[in-house]
Amino acid sequence: MIVMRMSRPDDVAALVELAHKAGPGMTTLKPDADAFAARLDRVRRSVEGTATLAEQGYLFVMEETDSGRVVGVCGLEVAVGLEQPFYTYRMDTFVHASRELGTWTKMDKLYMSHGLTGYSELCTLFLDPEFRANGNGALLSKSRFMFIGQFPERFAEHICAEMRGHFDEHGESPFWNALGAHFYQIDFHEADNLVAQGKKSFLAELMPRYPVYVDFLPDEARACIGKTHKDTEPARRLLEAEGLRMEGHVDIFEGGPVLEARIDSLRVMHDSRLYRVEVADAADPAALRCLVANGSLDDFRVILASANPDGDTLCLSPETARALRVSGGDTVRAMPLYPNQR
């Protein structure tokens, strides 16, 4: 059985192994054991309530229960940009007009922005390619929304998610090559690794001081603005189904989209409910595929189960109840896996 659970300090080796499969462009998922150990300690302190607001964050892993193998990971940051700047490009449209010539032009410009400072962030999403089937990708991504729905007081009013940007067939970022490379004088992967290590001062020191006219960029770079990496397109669709949208911010390295939403507008805040657990073997042929989460903070768990809520009761199989670590009479939160399922 596949289950999402809160990460533990002993997950370091499994996360390093998973990070080796992720490839370039995932700043928060590098195969660095020390960095993972520090992050998992930060998760522990966030759960305990001893981390500062700037430090608070959570990391969840997908586990194959029979083998104990970790096959996926996803994260939540509580408030970005408070300790290290959270830079994006903000794209705005400007009109240049001449009354004398009777002509006008409409042009897009990229501005360096701190506008998402203080937002909560969905981050660090990766699923082992061997397990990209049977709804595992949806479970991995949407489990975070179940955590937010269970503990909304732990997050900001707004949330964002940086989507991995487009790379060409040679593994190069046309957006970086046309823009960032000229200012930072290092290659993409070196810059990405520096950011992953928390070394972000070079961004402020070397970034463009003035807006960048999009029309001055090469065609292949312009095409990258707001474009998602082919491997990340399913993740983007899942987030958009939960209520996030691109509102004009893009990543400063690859030009990938940054999705945003108010937390109170997320689907989980309207479509999920609390239910009392009933454990039974009987299968319901009309059951829906539902995300079901327990109510624990330090041992938070989410599973994808066939269930048919009846009033205030949710019937779970003994195997599902064991995976969630709940018993009859306990309270769980449940939501249909996809919108408009009833």
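This is a predicted model: local features need pLDDT of at least 70, side-chain atom pairs count only at pLDDT 80 or more; totals for chains, interfaces and linings use all residues.
1. What does the side chain of Lys-109 make a polar contact with? The partner is the side chain of Tyr-213, at 3.2 Å. Leaving aside residues up to four places away in sequence, Lys-109 touches Arg-90, Met-91, Asp-92, Phe-94 and His-96, and also Pro-211, Val-212, Tyr-213 and Val-214. Lys-109 also lies over the face of Phe-94, at 4.4 Å from the ring centre.

2. Aromatic pairs number 18 in the structure. One of them joins Tyr-58 and Phe-155 in a tilted arrangement, with 6.0 Å from centre to centre and 55 degrees between the planes. This pair links distant parts of the chain, 97 residues apart, as Tyr-58 lies in strand 2 (residues 57–64) and Phe-155 in the loop between helix 3 (136–150) and strand 7 (158–162). Both Tyr-58 and Phe-155 are buried.

3. A further pair involves Phe-94, the residue whose ring face lies under Lys-109: the ring centres of Phe-94 and Tyr-111 are 5.8 Å apart and their planes stand at 40 degrees, so this pair is tilted. Because Phe-94 lies in strand 4 (residues 88–98) and Tyr-111 in strand 5, the pair ties together parts that are 17 residues apart in sequence. Phe-94 counts as partly exposed, at 30% relative accessibility, and Tyr-111 is likewise partly exposed, with a relative accessible area of 26%.

4. Tyr-58 and Phe-155 also belong to one aromatic cluster, which they form together with Phe-60, Phe-147, Phe-151 and Phe-300.

5. Which backbone angle calls for comment at Gln-185, although this residue is not a glycine? Its phi is positive, at about 60 degrees. Gln-185 is found in the loop between helix 4 (174–184) and helix 5 (188–196), and its relative accessibility of 62% means that Gln-185 counts as exposed.

6. Arg-325 likewise has a positive phi of about 60 degrees without being a glycine. This arginine lies in the loop between helix 10 (318–324) and strand 15 (331–336), and Arg-325 is exposed, with a relative accessible area of 54%.

Terms used:
Residues are numbered from 1 along each chain as its sequence is written. Side-chain values use heavy atoms; hydrogens and water are left out. A polar contact is a pair of N or O atoms within 3.5 Å; within protein, one must be able to donate a hydrogen and the other to accept it, and residues adjacent in sequence count only if both atoms are side-chain atoms. Contact means heavy atoms within 4.5 Å. Rings of Phe, Tyr and Trp (its six-membered ring) pair if their centres lie within 6.5 Å; planes under 30 degrees apart count as stacked, over 60 as edge-to-face and the rest as tilted. Helices (H or I, at least four residues) and strands (E, at least two) are DSSP runs, numbered from the N terminus. Buried means under 20% relative accessible area, exposed over 50%, partly exposed in between (1.4 Å probe, protein chains only). A charge sits over a ring if NZ of Lys or CZ of Arg is within 6 Å of the ring centre and within 35 degrees of the ring normal.
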